[in-house]
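Trainee: Could you take me closely through one part of this model, and tell me first how far its coordinates can be trusted?

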Amino acid sequence: MALLALVSATVATAWLQRRTIAQGFVDRELARRGIAARYTIEQLSPWRQRLTNVAIGDPRDPDLTADWIELRTALYPWRAEVLVVKAGKVRAKGRLVDGTLSLGSIDRLMPPPSGKPFSLPRLSVEVADAQLRLDSGAGLVVLGLRGKGLLTNGFDGTVRAQSAKLRVGSCDLLGVRGEMQVRIRRGAPSLAGPLAAQQLACADARAVQPRGDLQVTLDAALHGWQGSARLGLASLTSAYGSMGGVAGRLDFAGDRARTTGMLDLRGGAVTAEAGGAGSVSVSGRYAVGDTTAFDGTVAVQNAAVGPLLLRHLGGYRGLGLGTPVAPLAAKLVAAAEAAGRHFEGSAAIGFATRRGGATVRLQRLDLSARSGGRLRFGGDGGAVLDLPDGSFALAGRLALGGGGLPDVTLDLLRRPGSDQLQGTGTLRPYAAGGARLALADLHFRVRGRSGLASSVATLSGPLGGAHIKDLSMPLLAQWNGNSLLVNPACQTLGFARIASPGMVLRGHRQRLCPVGPAMLAWRGRDLAGGVRTSGVALAGSMGSTPLQLGADAVRVDLARRSFTLGTVAVRMGTDRPTRLDIGQLQGAFGATLGGSFEALGGQIGAVPLVLSQGRGRWQADDGGLSLVGSFRLADAEATPRFEPLLAPNGQLRFSGNRIEAQAALVGTKRAVEVAKVSITHDLSAGAGQALLDVPGLRFRLNGLQPTDLTPLTLGVIADVDGLVSGTGRVAWSGEAVTSTGRFAATDVALAAAFGPVQGLTTQLDFADLLNVRTVPGQVARVAEINPGVPVRDGVFHYQLLDSRRVQVEGARWPFAGGELILDPATLDFNEAGERRMTFRVKGVDAALFLKEMAFDNLDATGTFDGTLPMIFDANGGRVEGGELRARAGGHIAYVGEVSRENLGTWGNMAFQALKSLDYRNLAIRMNGPLAGEMITDIRFSGLSQGTGTKSNFLIRRLARLPLVFNVRINAPFRQLLDSVQSWYDPRRLIERNLPALIEEQKRAEEAGKPTVQPAESTPRP
């Protein structure tokens, strides 16, 4: 009993002192663990403990505070068990250190790990308001919890999360907030609720209002989980573009080692500089853990390439302008633009990360455009890229076509572990605008940065204004790093036909060989190589005219960006072909295409003009081909009609089917500009014209003479002084050559075979300029012409029949009070025979005529008519059968000097009686050379004495007789200025001194005046 009383007293004392005892025990335990704490024991019993004003940690900044905490316990003989934990307002701090949560000094109250699997205790918990301020290392996160229930089965509560800013790497997550419902059933927690943020910013990328509606269930040990999430995003922007709202769903299941699941995300409109899409979707299976993997599909709808890329693509529309590539490039660009404006497609992709690397796989690609275009890739192996080493494996087929795109098929293979990519393929015939391209037998091998590809290319289409059919050549390309060689060996280039308007070249094959290492060699920035060939001989036709093109040698040097053609020959036609010859043609290509030419010559068909000795510069541009240089122009006839002319600065332009040329022509004997010529020629029609302009050609004595320009005037005219001007036109076609012109000579003086001419003015209208033939009825006015007797103010009507024949239609001169008329005649200077000219005398006054004819010893009156036939030949000119007759009576008298010798009685009487006579009939006949002794027979009858005579009985008786007087006079008619023989030796005309000869002739005439008696009767000493 005493013992019982003692125990009872002890228990009563302990019970009464229980708080003090408990507090001492707790304080000693906290001190042992180094934990500062403050608290108040409000209630303490074996079944219920309540603490208030709890603070654990540094009093200035405690790690945990609670206004109250209450525990409900159960005591058993062998143990005590906490059954219920309740708390009011709880505030705690924590931080993540190397992925582990640390609650500061509270960590020292945690029991050591037991090694057993984690499980929630069988404990009923009720929390009114708990909050944890967690320093996550990325930013401050405030977590809140309220709820109640048995932790093993039945807890229901709410978890809140909030953070102003979290920084993970280079990304900032702003305005994070979330509230999730927490449930624990059968020991497995689950959470459900939304998580959202204002913005996620990574560098220049912005995700606005990311959100997720999460449902996740963990296992009782918290080692595994499964669930799903609905994800959303208001917008996504970056430097590359923007995307509209994103929405989708993913599910997951896994543990700490690996989580897998399915995802299905769909994005709104995508806008980027490179392009855009109405929507983008990603779906497939993923895995996260030691490795991250994805296998699924990426798809786009209503996609389009960006305007900038389309404009850039459109820049290739004019590629290869003027070649067969141009229409193909235009079609390809148009088809690519149409496909790029609206397409959709999908790709089956996969990637997997591993320690130190990753693998990316493209299993399938399928793009389809609204235009009908398509791009597909697929195969068992697909395309596999290993990172970071960059190894690549490939096995599949790439196909392009439809919608105006070329049909291309490539079979690609690169075995795993191999560094060689190989393949075969074809480009089916691709046609547009008359052009066609095909690639056959395409084979290639690529190993690292080196490789080889071969094919046979066949190309047809427009080439300039022409069309080429089936241009074909094998191609072999080899590359190694920055080095590329194309066709390192000789190959044969062939074509089936080349046709242009009016021209066709028949099929031809030409062996081409490389210049240097290959036909094309590229090393970094240096382009080299080229092609060479020889014996080029192409054949075809221009309309129905045969055509031949040839060159002895052709060389193209890409390193020097130059080319050379040697002995180029062009022939069109058969009988009299149009020809163009170039001894050497050199050129350079780069920013411009041009060069030089030497020994250029040619002739257009039957046009009798020959071009030679051409040399100068040429240049090609978008409009055509231009040549500037000098050349020599000559007559093509065996007997030239004009002397060669030089064009020191001629210009020639090829544009389309048109040739245009201009030049100023200069004489070769005298450097005088003769004419300006302008030539046009239409190659398709084979027709053209040459326009000549002679603005004013001045001939001068001791200066420019016609013989300097044409040999046709040699022996015909000389010593020309005057102005000649005019224009001409030579036209040609495939059938004929015509030439016309109009030239004028103004106040020209010259020496001709029939005498000197002064004041010649005429206009010549040529019906055939090249053959020097005028239309009939040409008129020339001549101030004076002197074939032995000067005649003035004449008017000629004539026609030039050709360069050596003149048709005189008639001519008239005022002469001796009447007219001198030249009958129609043809003067042919081709022959050395006689040239006859008949002059008719009409109404000539006898006195003036005798004066003009230099009969100074005679005086006469009367009016005469008659003819003076003149013949010119190699011996000179002469009058043959000339006759003048008086219309009626007149008077004739001898007024010359008589010999001082005494004539005797009868002689003196006869002279005095007959020195002046009146006549009724008078005829004068003349025969003889103009330059020698002219025989003049004078016959008159019906005589009577005239004034100044003496008469007597005998004379009067004699006067009754019907006497007829015949008088013959032998005297120089008129020494011509030059012999007609000057026709055959023109140097005599050129060298003569006309004034001196005239004076000498006058002195000779004065000294040789005839007397009534022969020379033997002259006075004697």
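Mentor: The chain has an average pLDDT of 81, with 83% of the residues scoring at least 70, where pLDDT is the predictor's confidence in each residue, from 0 to 100. Over residues 973–1001 the pLDDT is below 50, although this stretch has 62 contacts in the model beyond near neighbours in sequence, a contact meaning heavy atoms within 4.5 Å. Where pLDDT is low, the predicted coordinates should not be read in detail. Because this is a predicted model, local features need pLDDT of at least 70 and side-chain atom pairs count only at pLDDT 80 or more, while totals for chains, interfaces and linings use all residues. Residues are numbered from 1 along each chain as its sequence is written, and side-chain values use heavy atoms, with hydrogens and water left out.

D63 is buried yet has no salt bridge, and K93, the nearest side chain of opposite charge, is 4.1 Å away. Buried means under 20% relative accessible area (1.4 Å probe, protein chains only), and a salt bridge requires a side-chain nitrogen of Lys or Arg within 4 Å of a carboxyl oxygen of Asp or Glu. The side chain of D63 does make a polar contact with the side chain of S105, at 2.7 Å; such a contact is a pair of N or O atoms within 3.5 Å, and within protein one must be able to donate a hydrogen and the other to accept it, with residues adjacent in sequence counting only if both atoms are side-chain atoms. Leaving aside residues up to four places away in sequence, D63 touches I56, G57, R91, A92, K93, L103, G104, S105 and I106.

Technical notes:
Buried means under 20% relative accessible area, exposed over 50%, partly exposed in between (1.4 Å probe, protein chains only). Lys and Arg count as positive and Asp and Glu as negative; His and the chain ends are not counted.
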